[in-house]
Amino acid sequence: MLNKFQKFFYSKILKRKYYRTGHCLGCGKCCKKIYVKHYKGIIQDEKEFENLKHQHRFYTYLKVIDKDETGLVFECTNLDPETNRCKIHKTRPGICRRYPQEELFSMGGSLSEDCGYKMEPIIPFSEVFLTIQKKETNKKTNKKSWIRETFFKKK
Ligand code: SF4
Ligand code: SF4
């Protein structure tokens, strides 16, 4: 659970909606089903992807294994199929070190159910609900006092 300062820092300064908890269990699933997003959206064809390869070394590790309703599906060639471990773990790109981040959701991805990480909302739904409830109560109270003051004013 985040303290008040952390909540403020993540949501107001970093503009994040989620924070990461848990740890990696080393199942390798996130290296086996990858979508690639660039400024035009999620990569749909291989020609488009070839152009991206010059932009970041991470792309050079990927190979196409499928295409689904979201886009091309890649697998990383650095994943050891025997052990499910990354063969370049110490020098893996930053995107792998920071995984998972909330951008994952905007890229059409999701955490696998048995991933050791969880993405928790920084402001829990119950807190958002309470704030809305408070605002509604305040609105009603203000309306009532306005009616009282306007129509039942003592002369
Ligand atoms: S899916 Fe989760 S637990 Fe599995 S390797 Fe990736 S980060 Fe680790
Ligand atoms: S470089 Fe390593 S951690 Fe990153 S996607 Fe490939 S296998 Fe996974």
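**Conventions.** I numbered residues from 1 along each chain as its sequence is written, with chains lettered from A and ligands numbered from 1 in the order in which they are written. As this is a predicted model, I took local features only at pLDDT of at least 70 and side-chain atom pairs only at pLDDT 80 or more, whereas totals for chains, interfaces and linings use all residues.

**Overall fold.** I counted six helices and eight strands, taken as DSSP runs numbered from the N terminus (helices H or I, at least four residues; strands E, at least two). From the N terminus on, I read the order as α-β-β-β-α-α-β-β-β-β-α-α-β-α. The radius of gyration is 24 Å, well over the 15 Å that the globule rule gives for 155 residues, so the protein is more spread out than a compact globule. That radius is taken over C-alpha atoms, and the rule is 2.2 Å times the number of residues to the power 0.38. Along its principal axes, the C-alpha trace spans about 85 × 35 × 25 Å.

**Domains.** I noted domain 1 (7-123) and domain 2 (125-155); such bounds come from an automatic or database domain assignment. Their C-alpha centres lie 46 Å apart.

**Burial and core.** I found that buried residues make up 6% of the 155 residues. A residue is buried if 20 or more other C-beta atoms lie within 10 Å of its own, exposed if 12 or fewer, and partly exposed in between, with C-beta atoms placed from the backbone. The largest nonpolar core has eight residues: C31, V36, I43, Y61, L62, L72, F74 and C76. Strand β5 (residues 72-76) gives the most to this core, with three residues. I used the core definition of buried Ala, Val, Leu, Ile, Met, Phe, Trp, Tyr and Cys residues joined through C-beta atoms within 7 Å. Leaving out residues up to four places away in sequence, L62 touches I34, F74 and C76; contact requires C-beta atoms, placed from the backbone, within 7 Å.

**Ligand shells.** I listed C24, L25, G26, C27, G28, K29, C30, Y99, S112, C115, G116 and Y117 around ligand 1, each with its C-beta atom, placed from the backbone, within 6 Å. This shell has seven nonpolar, four polar and one charged residues. Ala, Val, Leu, Ile, Met, Phe, Trp, Tyr, Cys and Pro count as nonpolar, Asp, Glu, Lys and Arg as charged, and the others, Gly among them, as polar. Around ligand 2 I found C31, Y61, C76, N78, L79, C86, I88, R92 and C96, which divide into seven nonpolar, one polar and one charged.

**Y117.** I placed Y117 in strand β8 (residues 117-121) and classed Y117 as partly exposed, with 16 C-beta neighbours inside 10 Å. Beyond four places in sequence, Y117 touches R20, T21, G22, H23, C24, P100 and L111.

**Backbone exceptions.** Most residues other than glycine have a negative phi, and most peptide bonds are trans. I noted a cis peptide bond between Y99 and P100, with omega about -5°; P100 is in the loop between α4 (94-97) and α5 (103-106). K15 has a positive phi near 55° and is exposed, with 7 other C-beta atoms within 10 Å. N84 has a positive phi near 60° and lies in the loop between β6 (79-80) and β7 (85-86).

Conventions
Contact = placed C-beta atoms within 7 Å.
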